[in-house]
Amino acid sequence: MKAFIKCLLRFEGKGSDLHEGALGTVSAYYGCVEAQGRGTLHCHMMIWLEGGLNPNEIRDRVLQTEEQSFKERLLRYLEDTISTCIPEYLDEESLESDQHSHPCSTRGVNFNNAMRNKDVHCLAKKCQTHRHSNTCWKYWRGPPEPKECRFDLDEKNVHPISTVDPVSGEITLKCLDGLVNHFNATILEAVRCNMDIKFIGSGPAAKAILYYITDYITKSQLKTHVALAAMETAINKLEEYDPHDDDCTLRAKKLLQKCAHSMISHQELSAQQVCSYLMDFEDHFTSDEYRGLY
Ligand SMILES: [Zn+2]
């Protein structure tokens, strides 16, 4: 994650000189590490760009007719940064028998354009193509409810050109393959694993993300470090010896202690999470300091 922040986002610390990275000039970021069903650790990250406008300002400017060049430049930037289909590779048949087409087979930097083109093609095909699985319909309640992939990937989601809704200002990116998770080619080339990227450029998009995050946070189980901190506080408090405690108080303390222990023992943790915790790896990455809001 540190290499990603330094070399791909090109962010070298608050107050340091700003450099242009794979997505532009990053002014701030906020990322949390979490585990998915199989336990694999991954990071969800929000990135702010230097000189960036807030979603309302973007909407206002893309809707103004005298700001056509802004709209065009924005769409050009987005199409350049966010890929929505597998990059073409003309010699597709040769890949079948080619052992070098596996994502793990390329190491280091590739300066040969034809090789890079082939590499990104293979990477995107392997890592970014969505195949529906049972988890896609996890929340489907059956007919008459339409059976829709909850990741919103569908062959029918094809848009030949990028468009801006003339009323809401909502941006729809050009998309030639509805089953491809959006990616940044440079990042994909470097991290060599699946990724997803989304531009938050309108009020509705910002609201959708905010809803998703809030929903996600309130549904997920207690975070490990929060639970451990709670247990530590509970145990310290309960173990304090007080000569005035009567039998009843002592029993109440024991009960609370048992509750704290069972709360922790019911936490589901993946091996990767345990390792990461024991190795003292961080579980969040931020450029700024934040305060809790209750
Ligand atoms: Zn799906």
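Asp154 is partly exposed, at 27% relative accessibility. In this predicted model, Asp154 forms a salt bridge with Lys156, and the closest N and O atoms are 3.8 Å apart. Lys156 itself counts as exposed, at 72% relative accessibility.

That is one pair. How many salt bridges does a search of the whole structure find? The count is eight. I will go through two others.

Take Glu189 and Arg116. Their closest N and O atoms are 2.8 Å apart, and the two form a salt bridge. This pair links distant parts of the chain: Glu189 sits in helix 6, residues 185–191, while Arg116 sits in helix 5, and 73 residues separate them. Glu189 is classed as buried because its relative accessible area is 16%, under the 20% cut-off. Arg116, at 32% relative accessibility, is partly exposed.

The other pair is Asp245 with Lys253. Their side chains meet in a salt bridge at 3.1 Å, N to O. Are these two residues buried or exposed? Both Asp245 and Lys253 are buried.

Now the metal. Which residues coordinate the zinc ion? They are His130 through NE2, His132 through ND1, Cys136 through SG and Cys149 through SG, at 2.0 to 2.3 Å. The angles among the four donor atoms run from 100 to 117°, and the site is tetrahedral. Along the chain, the donors follow the spacing H-x1-H-x3-C-x12-C. Within that set, the pair of His130 and Cys149 links distant parts of the chain, 19 residues apart, with both residues in the loop between helix 5 (113–128) and strand 3 (163–164).

On accessibility, His130 counts as buried at 12%. Cys149 is also buried, with a relative accessible area of 8%.

Staying with that loop for a moment: Pro144 lies in the loop between helix 5 and strand 3 too. A cis peptide bond joins Pro143 and Pro144, with omega at about 5°. For context, most residues other than glycine have a negative phi, and most peptide bonds are trans.

Arg192 is not a glycine, yet has a positive phi of about 55°. Arg192 is placed in the loop between helix 6 and helix 7 (203–219). Asp280 is likewise not a glycine and has a positive phi of about 65°. The location of Asp280 is the loop between helix 10 (271–278) and strand 5 (284–286). At 69% relative accessibility, Asp280 counts as exposed.

Next, the cysteines. How many disulfides are counted? The count is zero. Two cysteines to look at here are Cys7 and Cys275. Cys7 counts as exposed, at 53% relative accessibility, and Cys275 as partly exposed, at 45%.

Last, the chain as a whole. The secondary structure comes to ten helices and five strands. The chain has 294 residues, and 29% of them count as buried. The accessible surface is about 20800 Å², with 55% of that belonging to carbon and sulfur atoms. Of the contacts between residues at least 6 apart in sequence, 58% join residues at least 24 apart.

Terms used. Residues are numbered from 1 along each chain as its sequence is written. This is a predicted model: local features need pLDDT of at least 70, side-chain atom pairs count only at pLDDT 80 or more; totals for chains, interfaces and linings use all residues. Side-chain values use heavy atoms; hydrogens and water are left out. Donors are N, O and S atoms within 2.8 Å of the metal (3.2 Å for Na, K and Ca); water is not among the atoms, so sites may look incomplete. Four donors count as tetrahedral if all angles lie between 85 and 135 degrees; four count as square planar and six as octahedral if opposite donors are over 155 degrees apart and all others between 65 and 115; anything else is irregular. Helices (H or I, at least four residues) and strands (E, at least two) are DSSP runs, numbered from the N terminus. Buried means under 20% relative accessible area, exposed over 50%, partly exposed in between (1.4 Å probe, protein chains only). Contact means heavy atoms within 4.5 Å. Accessible areas come from the Shrake-Rupley method with a 1.4 Å probe; for residues, only the protein chains shown count as cover. A disulfide is a pair of cysteine sulfur atoms within 2.5 Å. A salt bridge is a side-chain nitrogen of Lys or Arg within 4 Å of a carboxyl oxygen of Asp or Glu.
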